[in-house]
Amino acid sequence: MPKPDSLQGSLDLLVLKILSRQPRLHGYAIMSAIRDMSGDVLHAEEGSLYPALHRMEEGGWIRAQWITKDTGRRARLYELTAAGKKQLAAEESRWQTVTSAVNRVLRTA
Amino acid sequence: MSMWSRFTNIFRGEQLNREIDEEIESHISEAAGEGRDTGEARRALGSPLGLREQSRDLRLLPWLDSLRADAVYGWRQLNRHKVTSAAAILSLAIGMGACASAFRLIDALLLRPMPVAHADRLYAVVRQGVDFDGQVRIGDSCYPSFRLMRAAVKDRAELIAVSFTERVELTYKSDPEIEKAYLQYVSGWMFGTFGLHPAIGRLFTELDDQKPGGHPYAVLSYDYWTRRFARDPQIVGRTFRMAGVLYQIVGVVDAPFTGTVPGTVTDIFVPTMMHPGVVHDDWIWHRTMAQLKAGVAVEPVRAILHAISRGFEEERAKGFKNMSRESIEKLLDQTVVLQPAAAGSSALQEDYRPALLALAVLVALVLWIACANVANLMTAQAAARAREMALRVSIGAGRRRLVQLVLVEGVLIALLAAVMGAAFTWWSAPFVVSRINPPDNPARLALPADWRVFSFGLALTLAVTLLFGLAPALRASAINPAMALKGGADPHARRRSMHFLIALQAAFCFLVLFFAGLFVSTFERLSHQPLGFSAPRLLNVETAAQRAQPPVFWDQAADRLRALPGVQSVAIAGWPLLLGEAWNGFVSVNGAPPGPVLAYFLSVSPGWVDTMKIPWVAGRDFRPDDTTPGAAIVNEEFVRQFLKGVQPLGTSFAKGETRFQVAAVVRDAPYRDIRELHLPVVYVPMHSVDEKGAMRPIQNATFIVRTAAPNPMALASILRREIPRAQPDFRASNIRSQQEIDEAHTVRERLLAMLALFFGMVALLLAGVGLYGVLDYSVLQRRREIGIRMALGARAAHIARRVTAGIFSMVLLGAAAGLVLGMACARYIQTLLYQVKPTGWGMLALPALTILGAALLAAAPAVIHAVRIDPVKALRAD
């Protein structure tokens, strides 16, 4: 069983969002982007990142491509597919619904 | 990613692993580029194997991947034990192939519905009664009775008359040679009722079957059109001449309809009205089939048909003069029965149904023996792999996974065996069919390899896998790792099940050998019994004249043949003995009313008795001027039946209005069937005089030629050429040696004996191999125990007894069970036996001794192995 990541179900959303802004990133860059853009608050669990990427690739939301870097090492770059864009919209609206609901609870309680 | 890519990924698993590893490495190097410690970065990622597995499972089908892995592993296991695997696969292949062949034959002959509309509503209408010899006989109706029956059930069912398939001689106009074809007279409305369509031209309708002799038209079968005419589209309108009538071909019926007689493929169909028998109320020449209308129950239709048939026969019986009241009663006491006939209706079905079923049981037993073998083999292998299994359990393999591992290996064995078995079936089923009838008149049975056969094969493979694979698989998975790794798991449970299988094998092996012995000795009895005449060097030249010719022409032709070199003597007869033809009637002696026993008649020329070498008892041969009515030669059985206490020579008797006087008595010779050694037979002169005193002309007769050379067939071509020269109007239609005719009567018995013997041998071999394997395994397993015993001073004989005692008692137990089973089953095959008593000691002792001998032979290597065990080595090895 993979350990539950600290982002609890929002890893997919973050990865899709980042790939929608910056296409063609490799795994490490995606991880760094999550950390940097969240102001060093959100840390993707490194062990869950790749299974998540592969699962989304399997689901057809992102696609991958091998490139050879200047160092001679190969890297696997990911980018969003059309289905991924739709998924992102769906995930975003779901996130909005959930957070606004949570906020309502916090305000009234 | 699509299903397909997930499927293909299974077969590039290594590359998948490399890609995942490479991506992780690239991650680590990025981390190092940021100044992180590589060790820390690796730890943060977690177990690389875990990552690999998670990602892998996403990208392919995990269950299929594990199957693939197990298959590869199973294949390696099979390869490691090449000889045992080959033995297992081969024995299973023979068992499965034989089973599939038996299924193909039974399906083609008995089960497969004919390719006609509503085959499920098709019935054969027969009359069931008790014959004069006390046996239940099934008979058919005459055509006038058929017409009445058809009219009576018109609104509930359609009745169809279909003649027995005849092998006829015909000539095509452009072709002077006589050729043979299988012809069937069928009701004109048959094609429409069966929903058949023409491939070319048209088929018959009701209008083609109304006036006796008035519809000289023919429809060809697709098979015949293809074989004889290469699908010539110009065939419609061509004519042929048969029995002096010119027929016109009007069309070809579409494939795959080949007639209603499984075992014969009909070439030509003509309307029933062209058969001379349609106007006779005492000719039986066709079967009656009924196709019920939708939703009609069988019983009411049967009752109507029975009432009509009974009424018709009663009316007919009023015209019988020379029969006792008792005989007439017996003749009338028949019940009309409707038998389901979706698969058609033929004599071959009736002849071969019990034989094929017996054969099916034999092959099923052989398959069981083979399965038991493979099961034992796998159990022994599983024992050898107990530690491997224990290790797998210890590192977390689930029970299901282990069952799968062993079952996959079983499936591999079964699949390989199925492929080889399919090849065996492909060859053997047509081979068996080709052996069913004598070579000049082979049975032709459509043996399609379609979905029916394929699904049977698939079901068989599956069943076989479960039969031999499930028990070892479950046992392997139930392993207790702690015990197994310590090396002390309970070996007795395994041995017990192996011993049970040995007993089962011995029982089945006994059964197969027992049946084989019965069939072989039946064939021996039949083929070696004294016939009462001398068959070697006899040639029968069946001859037909274009138009009937006076008897003197036939005598002249016989004289001409007699002059040929290599010919010893020539006689003429209506037909050869044992051909199966019969001419019978009730006989009244000295004017007394006729009794209930039928006498059989055959017309023969002077010299026939001597040519056949039938011994004389008393009296004289026919003279050239003897005629029918007049002198007669009778056999001893005739004297026993009709002339008890009378001086036979000179006694007169009558068949109907025809009177005879006994001129001679000869020894018995079988008349129509090799199993009927004693029938009352009357031989009457070929020269027959009608009421006005004129000689009756003869159209068909057989020249019986005794040759000087041992191979009579050497003269066949000379005789065939000589006959038209002797009489321009004569043609030799069929030339057969008497031995060939005799052998035709034992074809079924020979086939059964041959196949049963083959399967008996296979069963014995398989059981022997199985026994050897189990003994060898148990010696291997008890090596330590034997070593200790030997070290303590046990003698070799003692060791041998210890090793074999358990197994031999199992073999004996099995054989005893087989004996009981065999005696219980014997009555079901009684109809297939001839003068053989299934409960005779010889029949029971032979298989028992054979099994015991085979068991001793199979045990020898293991016993030698056991007594040669070196105690020091055995004890140190573990």
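Which residue is the bridge partner of A:Trp66 in E3(A)? Hold that thought for View 2. This is a predicted model, in which local features need pLDDT of at least 70 and side-chain atom pairs count only at pLDDT 80 or more, while totals for chains, interfaces and linings use all residues. Residues are numbered from 1 along each chain as its sequence is written, and chains are lettered from A and ligands numbered from 1 in the order in which they are written.

**View 1. Chain A is built from four helices and three strands.** Going along the sequence, the pattern reads α-β-α-α-β-β-α. Helices (H or I, at least four residues) and strands (E, at least two) are DSSP runs, numbered from the N terminus. The C-alpha trace of chain A spans about 60 × 30 × 30 Å along its principal axes. As for confidence, pLDDT is the predictor's own score for each residue, from 0 to 100. Chain A averages 84, and 91% of its residues score at least 70. Among the elements of this chain, helix H4 (residues 82-108) has the highest mean pLDDT (90) and helix H3 (residues 46-59) the lowest (85). Take care with residues 1-6 of chain A, where the pLDDT is below 50; beyond near neighbours in sequence, this stretch has eleven contacts in the model.

**View 2. The three strands of chain A form an open antiparallel sheet in the order E1-E3-E2.** Strands pair if DSSP finds at least two bridges between them. E1 (25-26) and E2 (62-68) are the edge strands, each pairing on one side only. E2(A) and strand E3 (residues 74-80) of chain A run antiparallel and are joined by seven bridges. Here is the partner from the opening: A:Trp66 is bridged to A:Arg76 in E3(A).

**View 3. Helix H2 (residues 13-33) of chain B lies across E1 and E3 of chain A.** H2(B) runs at about 95° to E3(A); axes are lines fitted to C-alpha atoms, for helices over the stretch in contact, and angles run from 0 to 180 degrees between N-to-C directions. Across the whole interface, 16 residues of chain B are in contact with 16 residues of chain A, contact being C-beta atoms, placed from the backbone, within 7 Å. H2, helix H3 (38-45) and helix H4 (48-59) of chain B each supply at least two residues of the side that touches chain A. H2(B) gives the most, with seven. That side of chain B divides into six nonpolar, six polar and four charged residues. Here Ala, Val, Leu, Ile, Met, Phe, Trp, Tyr, Cys and Pro count as nonpolar, Asp, Glu, Lys and Arg as charged, and the others, Gly among them, as polar.

**View 4. In chain B, the axes of helix H12 (residues 347-384) and helix H15 (residues 451-477) come within 9 Å.** They cross at roughly 20°, so H12(B) is roughly parallel to H15(B) (angles under 35 degrees count as such). Residues making the contact include B:Cys371 and B:Met378 of H12(B), plus B:Phe468 and B:Arg475 of H15(B). The contact residues divide into eleven nonpolar, two polar and one charged.

**View 5. Strand E5 (residues 179-186) of chain B pairs with strand E4 (residues 166-172) in the antiparallel sense.** Five bridges make up this pairing, and B:Leu170 has B:Glu179 in E5(B) as its bridge partner. E5(B) is also joined by four bridges to strand E10 (residues 268-271) of chain B, and those two run parallel. There, B:Leu183 stands opposite B:Ile268 in E10(B).

Key: Two residues are in contact if their C-beta atoms, placed from the backbone, lie within 7 Å. Angles under 35 degrees count as roughly parallel, over 145 as roughly antiparallel, 65 to 115 as roughly perpendicular and the rest as oblique.
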